[in-house]
Amino acid sequence: MTEVSDSSPYRRELADEGETERLGRDLAAAILASGHGLTVFLEGNLGMGKTTLSRGLLRGMGHGGSVKSPTYTLVEPYEQLKPVAYHFDLYRLGDPEELEYMGIRDYFLGEDICLIEWPERGQGILPEPDLEIELSTSGTGRLAHLRAGTERGEYIISELQGRGRPGD
């Protein structure tokens, strides 16, 4: 994970898919409470739950439909949400410069939420994240490590800690 701020990271055990979606919903509640958009990097190997976490967040924001990983389209917009959310999957990106052709910088100008799977594939083009979430295996479940990169990210972590979830 990229070194971000000096703030303490937040960790959360995720026993199953439901817990991963619950973390996403908790993140949505914290984002809504902040009144701001957020850029979130979602990191981890294939099958770690990045899309499941995104689904929980988007449903927590009020999206009622399906949520799929935009592996082939690179971005899936959720423009009916307030704030607007964009779900990126850069797994199949051949070169970070391709992001420039799709106008990637325009997605980060406002108060939108940008969820980015495989952000390392866009290195040098993507802005620094407000929040990084790394998902890894832990026994039969997953472990989520959250680290703030900005004051907005620190606010989200403090909101999660205030909800009585375990963290360190």
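This is a predicted model: local features need pLDDT of at least 70, side-chain atom pairs count only at pLDDT 80 or more; totals for chains, interfaces and linings use all residues.
Reader: Which residues of H2 are the buried ones?
Author: They are Lys-50, Thr-51, Thr-52, Leu-53, Ser-54, Arg-55, Gly-56, Leu-57 and Leu-58.

Reader: What follows H2?
Author: Gly-62 follows H2, and its phi is positive, near 115°.

Reader: Switching to aromatics. How many aromatic pairs turn up in the whole structure?
Author: A search of the whole structure gives four.

Reader: Take Phe-88 and Phe-108. Why is that pair stacked?
Author: Their ring planes are at 15°, and under 30 degrees counts as stacked. The ring centres are 6.2 Å apart.

Reader: Where do Phe-88 and Phe-108 sit in the chain?
Author: Phe-88 is in strand E4, while Phe-108 is in the loop between helix H3 (98-101) and E5. The two are 20 residues apart, and the pair links distant parts of the chain.

Reader: Phe-88: buried or exposed?
Author: Phe-88 counts as buried, at 1% relative accessibility.

Reader: What about the rings of Tyr-91 and Trp-118?
Author: That pair is tilted, because the planes are at 55°. The centres of the Tyr-91 and Trp-118 rings are 4.9 Å apart.

Reader: Which parts does the pair of Tyr-91 and Trp-118 tie together?
Author: Tyr-91 belongs to the loop between E4 and H3, and Trp-118 to the loop between E5 and E6. The pair therefore ties together parts 27 residues apart in sequence.

Reader: How accessible are those two, Tyr-91 and Trp-118?
Author: Tyr-91 is partly exposed, with a relative accessible area of 26%. Trp-118 counts as buried at 10%.

Reader: Back to Phe-88 and Phe-108. Which residues form one aromatic cluster with them?
Author: Tyr-86 and Tyr-107 form one aromatic cluster with Phe-88 and Phe-108.

Reader: Last topic, Gly-139. Where does it lie?
Author: Gly-139 is in the loop between strand E6 (131-138) and strand E7 (141-148).

Reader: Is Gly-139 buried or exposed?
Author: Exposed: the relative accessible area of Gly-139 is 77%.

Reader: And how are Gly-139 and Ala-15 separated?
Author: Gly-139 and Ala-15 are 124 residues apart along the chain, but their C-alpha atoms are separated by 8.8 Å.

Conventions
Residues are numbered from 1 along each chain as its sequence is written. Side-chain values use heavy atoms; hydrogens and water are left out. Helices (H or I, at least four residues) and strands (E, at least two) are DSSP runs, numbered from the N terminus. Buried means under 20% relative accessible area, exposed over 50%, partly exposed in between (1.4 Å probe, protein chains only). Rings of Phe, Tyr and Trp (its six-membered ring) pair if their centres lie within 6.5 Å; planes under 30 degrees apart count as stacked, over 60 as edge-to-face and the rest as tilted.
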